[in-house]
Amino acid sequence: MSFARSNQVHIYGWLLLMPAAIFLIAFTYYPTVATLAHSFFSDGTALRPSVFVGLENYKLMLEDEVFWKVARNNFWFALGTIPVSVALALLMAVWVNGRLPARGLVRMAYFTPTVLPMIAVANIWLFFYTPDIGLVDQVLGMFGAPGHNWLGDPDTVLGCLIVMTVWKESGFFMIFYLAALQSLPPELEEAAKLEGAGRWYFFRRVTFPLLMPTTLFVLINAVINSFKLVDHLFILTKGGPDNASNLLLYYIYEVAFSFFDEAYAATLTVVLLAVLAVIAIGQFVILDKRIHYR
Amino acid sequence: MRGGLRMVGEAVSVARAGAGWMPRESFWLRLEVLGAWLLALVWLAPLIYAFWAAFHPPAYAIRFELFAPLTLENFAEAWSQAPFARYYLNTFLLVSSILAAQFVLCTLAAYAFARFEFFGRDVAFALVLVQLMIMPEVLIVENYRTMTLLGTVDTILGIGLPYMASAFGIFLLRQTFKTVPKELEEAARIEGCSFLQVLTKVYVPLAKPTYVAYGLVSVSYHWNNFLWPLVITNSVETRPLTVGLAIFGAPESGVDWSIITAGTLLAVAPLLIAFLLFQRQFVQSFMHAGIK
């Protein structure tokens with residue numbers, strides 16, 4: 001170390017880190033710990049200060065039917081969006097990476113949803129799903145299907161959100177696959193061609209295994225997003241009908257800023273933090289086994 | 001050797017392309033091309049529809065006729081019904097203040113992690129990476145409380161504060177700084193540069209592509225961000241475009257489709273135009289940021 005005057009390294013290092021550290025402490029570590037602490041207290045008002053209630057909030061949560069419904073929704077939402085968007089992303093990347101006519105245009109089309117705000121595209125999708133006059137019903141109408149209130153029906157509303165989310169995210173994940181594909185040595189494919197291996201065989205036995213670290217990375221991002229992305233709910237459904245499309249983070253928002261129950265919101269946030277912690281730990285365990293990543 | 005192999009490979013593939021694929025394979029290839037195009041069309045459909053509805057009179061919002069008259073009326077209407085100019089200004093201030101703060105904070109921290117073996121470095125780095133998982137969106141309840149204490153509720157600064165120290169930015173810059181040869185730094189030291197001068201004269205200029213990449217990712221993210229800005233703002237003077245658009249387009253507001261889509265296009269226009277103009281740069285930046 002060129003500035004090595006024993007202690008100086010430590011002082012300079014910490015001084016450089018200090019500004020970022022202050023921000024991280026104030027807006028990430030402190031609120032994480034405070035959330036945990038507040039989940040053990042009752043919600044205070046001007047007349048009734050908040051008091052320690054132990055696990056009371058958690059007991060309420062376990063008895064809260066809406067919480068279970070939201071948890072179930074989030075599970076199905078994750079299961080519906082993740083595999084499809086990751087598979088589509090891979091397909092898109094392979095297509096765009098190959099010799100495709102109008103490749104630039106196709107790549108742009110796939111990527112465009114990524115640069116558009118969720119809130120803005122939700123406005124457009126809202127029209128697609130509008131009963132009778134919406135685009136979905138108009139297209140289905142051509143085949144003689146009757147109109148349907150897609151977002152008003154508890155059975156179809158979550159599916160509608162899943163379709164839109166897949167549309168929004170696939171192009172973003174495609175980028176990671178595209179970057180990985182372009183870093184693969186081209187000799188591999190040429191060698192496989194000389195050996196007479198078919199494209200599908202080559203993909204299955206060479207490309208896909210080599211993309212495994214990328215798949216893992218994309219999967220983790222997809223899981224996080226399925227818990228973090230709720231913007232579209234504000235426009236499309238507001239969690240309805242009867243919480244059929246409500247997701248955990250949106251429920252936290254409702255509890256905190258519509259029902260003003262901060263203690264319960266903190267308790268729900270702890271659940272969300274726990275989910276994220278499990279993902280983080282899982283990531284470390286899996287990555288440890290796959291040393292060839294980085 | 002490598003180059004030679006590649007040339008052989010290219011010669012082979014050129015020869016194959018020249019000779020034409022076998023009929024069966026060519027059928028599947030054509031089907032794939034068709035599939036790729038069809039998917040691209042589906043992916044663009046919402047945007048195409050938005051353009052259709054915004055540039056035609058409301059009567060044609062749900063009727064698709066090739067020679068429907070074009071109009072800019074919807075844009076004029078949307079512009080007059082909501083303070084878009086103010087929203088633009090707010091979003092611009094928000095995005096640029098976050099980016100400026102991120103550049104400074106992340107550069108300093110990344111330099112420390114890349115080149116200083118200070119006490120507790122690895123633990124500190126692991127702690128920084130925690131923010132990749134626990135993003136500010138998750139902590140809206142507590143952060144709102146903090147902003148109340150700081151008196152930054154309903155300010156543009158309040159929207160930006162939780163995002164200014166970005167683990168992603170620190171990580172990205174650290175990776176880049178680590179690739180800078182130490183000899184360059186030593187040469188600068190001999191010339192008499194202080195350690196901050198080394199940073200600004202050697203490291204920062206060499207990391208320019210990373211700054212561009214990170215900048216584009218950050219700007220797109222914060223231009224589009226919604227949940228936290230919604231929570232922390234409650235006046236026209238602070239609301240960014242996304243929040244303004246959500247209020248404007250809410251079904252309760254009774255505005256019709258054509259005007260909502262016009263408003264939507266107004267909100268996304270700057271970023272969309274930038275993306276279409278610098279498409280390569282955008283895609284490359286997201287890739288650059290994704291590889292690290």
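How many residues does the contact take from chain B and from chain A? It takes 79 from chain B and 76 from chain A. This is a predicted model: local features need pLDDT of at least 70, side-chain atom pairs count only at pLDDT 80 or more, and totals for chains, interfaces and linings use all residues. Residues are numbered from 1 along each chain as its sequence is written, and chains are lettered from A in the order in which they are written.

**View 1. The side of chain B that touches chain A.** Two residues are in contact if their C-beta atoms, placed from the backbone, lie within 7 Å. Helix α2 (residues 23-55) of chain B supplies the largest share of this side, 11 residues. Helices are DSSP runs (H or I, at least four residues), numbered from the N terminus. By type, the side has 57 nonpolar, 13 polar and nine charged residues. Nonpolar means Ala, Val, Leu, Ile, Met, Phe, Trp, Tyr, Cys and Pro; charged means Asp, Glu, Lys and Arg; the others, Gly among them, are polar.

**View 2. The surroundings of A109(B).** Not counting residues up to four places away in sequence, A109(B) touches L16(A), L17(A), A20(A) and I170(B).

**View 3. The loop that holds G147(A).** G147(A) lies between α6 (135-142) and α7 (157-183) of chain A. G147(A) is partly exposed because 15 other C-beta atoms lie within 10 Å; buried needs 20 or more, exposed 12 or fewer, and partly exposed is in between, with C-beta atoms placed from the backbone. Beyond residues up to four places away in sequence, G147(A) touches P131(A), D132(A) and D137(A). A191(A) is 44 residues from G147(A) in sequence and 54 Å away in space, C-alpha to C-alpha.

Definitions and conventions. Helices (H or I, at least four residues) and strands (E, at least two) are DSSP runs, numbered from the N terminus.
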